[in-house]
Every structure is written in structure tokens, then in C-alpha cells.
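Please look over the sequence and the structure shown here before reading on. The briefing below is meant for someone meeting this structure for the first time.

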Amino acid sequence: MATETKKLTGAPSILPLYARAAAPLVPGASLLPFIPGGGGEIPDVRLEIDGVVADPDAVAAYAKVCDFALRDHLPPTYPHVLAFPLHMALMADGSFPFGAVGLVHVANKITQHRRLGIGEALDLRVQATKLKAHPKGKAFDVVTEARVGRQIAWESTSTFLRRGKGDPGAASGEAFPIVDEATPASAEWRLGGDLGRRYAAVSGDRNPIHMHSLTAKPLGFPAAIAHGMWTKARALAALESRLPDAFAVDVRFRRPILLPARVEFATSAGTGEEIDFTVRGRGERRSNRHLDGRITPVAAKTSPKGKAN
Amino acid sequence: MNAETRRVAVIGGNRIPFARSDTKYAHATNQDMLTAALDGLIDRYGLEGETLGEVAGGAVLKHSHDRDLTRESVLSTRLAPETPGYDVQQACGTGLETAILVANKIALGQIDVGIACGADTTSDAPIELNEELRATLLDANRQRSTTDKLKTLTRFRPGHIVPRIPRNEEPRTGLSMGEHCAIMATEWDIGRAEQDELAVTSHKNLAAAYDRGFQTDLITPYLGLERDGNLRPDSSIEKLAKLKPVFGGPEGTMTAANSTPLSDGASAVLLASEEWAKAHDLPVLAYFADAQTAAIDHVHKREGLLMAPAYAMPRMLDRAGLTLQDFDYYEIHEAFAAQVLCTLKAWEDEAFCKEKLGRKAPLGAIDRAKLNVNGGSLAAAHPFAATGGRIVAGLAKQLHEDGKGRGVISICAAGGQGVVAILEGPEGAK
């Protein structure tokens, strides 16, 4: 079956999408045709939106929350924020088998083929893959591309897990490099109780599990939890001076960070081409891993203007 | 300490375009802008991963969290993290003073290469807690028991939420920089028309410099700005004549056009020994030949606040064995058109040169066609600590284009200070 392409002319508004994304949590609601959660296969749909230009003030606010310096190019995680309304639109569609609220973000891999200038117009493409077996339920990927002209300048794959009856035989994914516990921390981060709300304001991701303990508790968390993509962005900001122009950064989201929190950041930076990093509990709670990541340089693409940004 | 000194080469510079306050860089911090200026310099001269002797930088309007602004900016860039950095603060002289510091260490052989830089934001300006609130909070913190802490906190009054906003004023006189300059303009009898003319020339020269591509390798665009936001290529005497005075009362001669606006920006200059430049295959744009800083007593001796460069200049010229007329270019920082004109008039004035400078003859007039030939602060605007780097890089490039020649820089600063310097072309002064 051919992929259905839906071209959007403007970014969809996120709040109503959240209402629909969360609706399947209401018993019986998913029987309604416009509510996601029918439980079938992922629809073969590709959402497209052309000519998206980041607002410099919004980038500045995002950079501040994530600790990036405000440069003339986008933080490597920022196109994910630009594409977020498309992710929500995809998952809040009535044909989608689950509601987005309640899905667990387990992995994300971003490949930046070159630096993206703040003023560059990006053509965004978002598509979900078919369901795959997972030991703890069912998983699928949301693949995002940011194109400039005919070139894929940036791409990202987010893996989501729908908890449920798993397939114990399913591979839980390839072995992922881990910064071992003996590696001393290079920094300690103090994360405020309002971090989820601050990141929600700059990213648009207002999932109730991040907003407040009162909204996180009904969804099974004792307190609001930090956004995985914030944790990833913060780690990249800490490594900013060492990032090549073109690189891939792959992370696994492990235990959620309950806010407020003090966590450790440890990295293998300085030992080789690849940089492994981890966000983990402090001191005796080092075995509590929140995020594991690896940065790998890739061959740089040049921008259409002929020079790397 | 080395007895012999060596020549200091200006390799090049980079800055971000300067923005008027609360425009394109409204949300950029000093550290963001300084990092952006350094990024561009590092890219242009292939400094990625290099350990430099030092980076000296500064800002005039600093937050308390801007501690070690320069070192923190270095750590955000691709310079080797083993590159030391330190902050300097000397009002509007900051940028040029950092160049002197780096140049002197290179001359003495203490370092081989370094960056002089500066940034300032008037948009992301520090706003301090109300002074009484600050004292109350600190006192409460000093109490041991909760009861005593709470008791101290009862000193809080609703009025304390009004923060302290920094003013552009001279601490010991209470007058703003512009008001001080207006007094100087009156004392030296500087007219409105000549100030406006200087401003128009500044815009025309800067616009022409952009048009002929002169700025291309001096600037890296930032946050959607490719040219200085203050530049008005169509500026004219007629338009400027319509403006109302902003300093010196209704009879004043200083307007928003012949005074620099509040602005945001950053600049950086790469200085090195000749050996380093050769080893890195980088051409020398100019040599940093000499410099002098001076201060006057604006508090008790009623000296004009911004007249210190007039004193610094003859000291440097005497040491270098030069006269004021021995230059091909004069880069006089246009804080206010009136400041430039007062300074030039003072150097021509027999009484001032005799009584204040203790000289037999005046320094004399300069050829005005050689003044700020690629535009000045009135056109580019003046993010305080970034101005020195803008001027050093621009003059060095001009001297490189000519091959030989000599240029002099003069920058006035708050607190009654002034910084001057001499640059010489790569093939010598003549």
C-alpha cells in the first residue's frame, strides 16, 4: 500500500491535539472514530510541512532552558521541537492505534548532517514505522527529516513503547555503549521542580507527566518527570564545544528523572572520536541510569550555499 | 623577563554586526555574543583545537553571574579548553586595553598568540535587587534561628520590589556621559552643524565600506543581522538638522544622531608574534606598534570627562618620536561627535597644549579626510567593550590593503580615562 502524504500549510495547534491524544485514557472513548486508540496497525501516513523557519526569540528561550549558547546555528536538538506539532498530529489522529499520552519514549537518534542556520527554511517530514515486537509491549519509530532543498540536512528517529503484553523473545535492541560507574562525573546538575514546565514552555511538549506532580500522579509517576529530550539537549549543551559540524547522537532513555533532582553527568569525552555520556543518580545512586548516549562523527554535507554553516 | 621585545602582529578580527538595543540581540547575553564573535574568528583563522596563550576580554555592563565571562566564553568555543581567559573592565576603553595587554605579553615573549575581545549588551542589562531588599535578605540569612530569620524579614516593604536599574551615569558626578559631553561641547564651542556633519560622514563611510566588500571578512552575521542595525546610508545633514537636542538642554547641540545609541554586540582580534603567524601561514595585517592609557581628574579639577585621550596622545607620540601629522589614518572613537571635535580642537589649541599638556607648541590639526575612513561608532553604534576590537581589526585591514602606512586609534572612556594606540602596515610605516 502506498504511503499517504498529507501536506500541512501551518503547524497544527498543540493543545487540542493533547486533548485528543489523552482521550484514550478515558474508558470507552477510543470506540469513537475521531479518537485514537483503536489498537490496530500504525497508519502509513507521512505528514509534511514546508518552509519552517525557527523564530530566533523562541530559539533563544530554548537555548537558555537547555544551557546552549545562543549561536547563529540551531541547537542540534531544535528541529525536533519544530517537528513536535507534527508528531502530535500524527499520533492524535483517529486512525492511530494508541493515544500519545501514555506512550514511553525509549530512544532517540539524531543525525545532523551539517549545522542548520537559525534563519534557514526547513521542509519537515514525519512518518511512523510499523509496530515491532518488544519484550515489554509493542514499539514503533517516528522518523523525522528536515530537508533544505533536496538535501536531508537533519534527521531523527524516536522510538516509542506502548507497554503491554510483550514478546519475551523480541530483541531488546542492540547492546548500547554505557559509561561505566567507575567513570567520575564531570558535572552535577541541579534540576528545579519547575523544569518540566520551563521546558514545556519552550518546546511545546506539555505532556501532563512533566507539568506537575498532581498531573503526573494519575499517570503513574510519583512526581513530575524531566523531559527525555531536555535531558538529551542538556547533555549536548555540556559537550557543545566538542561537537563536530556533522554527527549522530543516539540515546536511550532509562529511568525517568523525578523532579526536583540532583543528577550527575559523566562522559568519555577526550578519549576518542566517539563520545559516550550518561546522566545518572548521584553518589550511591549511580546505578540509577537516566540516559545513556553516544555521539559519532559522520561525513559532513555542505549547505546549498556552498559552505558549511 | 626578556630584555628584548618583539613585534606584535595583528592577524585579523571578527565581530558580529552591532544591533541597536532591544532589537535582534534582545535575548542574547554577553556570553552568547562573545562566544559568537570568537566562533567566527576561530573559523576564519583555523584556530579549532588550538591552545592560545590567552584570551583577554570584558564587558562594561556585567551581571554578577558574568563572573569570568571571557574564560566561560572560551569554554563554549572550539578553542582548546587549555586556553586561559580573563576579564578586563575599563569602560569604553576595555576593548583596546585588552589588545594592549595581549600585545604586551606577546612583545615580552610570555605568550605567542592571544585574542583580545569584548562584548556588551544594553538589552540584557543587569537589573539589581532593591538595595534595602538585598540587605534584608542577607541579614536574614545571617540569623541562626527561624524566628530571628522571620523577624528580620519583617523589614520587607512593598516598595522594595522596585529593582535598581543601571543608569548610564558617572558615579562621582551623577551626570550622564552625554551631559558631561554637552558641557565639553559648550566649553570648546562646538556647533551643531559640525557635529551633524561628522555623523553623516560616519554613516556614508561605513555604508561605502560595506558596499566595497571591506567588511566581509571582518564580520560574521548573527541572529538575522548581516550589517550594523544602526547604519543609515541615506543619512543627510538636512534630516539630522530636524532632530531635537537630547543633551545640554533646549539650547543643546547634541542629538540622538550625533551621539551613539545604546547597542549590543561583540568583537574579537587575533594578535600573534611574527613567528607564530609564519608557522601558521597567516599573513600579517598590521603591527601593534605602541599604546598609552591616561586619566584626568574630572571630579575636582573640572576636566572634561571624555578629554583623557587628548592627554594620552602626546605621551605616546613623544615616546614614538612622531607628530600628530605622521599618520595616514585617524580612528577616533565617536562616542559623541562632540567628543571627537573637542579632542581635535584641543590638540590645535595653543593654550590647552601649553597649560594642560605642558607643550611649547600645539599638536596641530589633522587632515580630516583621513578620519574614520571606514565609518565610526556613530554609524556602527557602540557596544562599549566591543568598540576597541572593531577599530583595531578595521584599521589593521585598511593598512594591509595599502601595504604600508600608519594609523592611530583614540578611545575615550568613562571615569575620565582614555586609551590610544598606533598600528603600522605590514611593510612598515612609510
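This is a predicted model: local features need pLDDT of at least 70, side-chain atom pairs count only at pLDDT 80 or more; totals for chains, interfaces and linings use all residues.

Residues are numbered from 1 along each chain as its sequence is written, and chains are lettered from A and ligands numbered from 1 in the order in which they are written.

**Chain A overall**
- Chain A has 7 helices and 12 strands, these being DSSP runs numbered from the N terminus (helices are H or I with at least four residues, strands E with at least two).
- Of the 309 residues in chain A, 43% are buried, a residue being buried if 20 or more other C-beta atoms, placed from the backbone, lie within 10 Å of its own.

**Domains**
- The domain assignment, which is automatic or from a database, divides chain A into domain 1 (1-168) and domain 2 (178-301).
- In chain A, 31 residues of domain 1 are in contact with 30 residues of domain 2, contact meaning that the C-beta atoms, placed from the backbone, lie within 7 Å.
- To the side of domain 1 of chain A that touches domain 2, β3(A) gives the most, with 8 residues.

**Strand β1**
- Strand β1 (residues 4-8) of chain A is hardly covered, with a count of 0 buried residues among its 5 residues.
- β1(A) pairs with strand β2 (residues 45-52) of chain A in the parallel sense over 5 bridges, where pairing requires that DSSP finds at least two bridges.
- A:E4 stands opposite A:V45 in β2(A).

Notes:
Two residues are in contact if their C-beta atoms, placed from the backbone, lie within 7 Å. A residue is buried if 20 or more other C-beta atoms lie within 10 Å of its own, exposed if 12 or fewer, and partly exposed in between; C-beta atoms are placed from the backbone.
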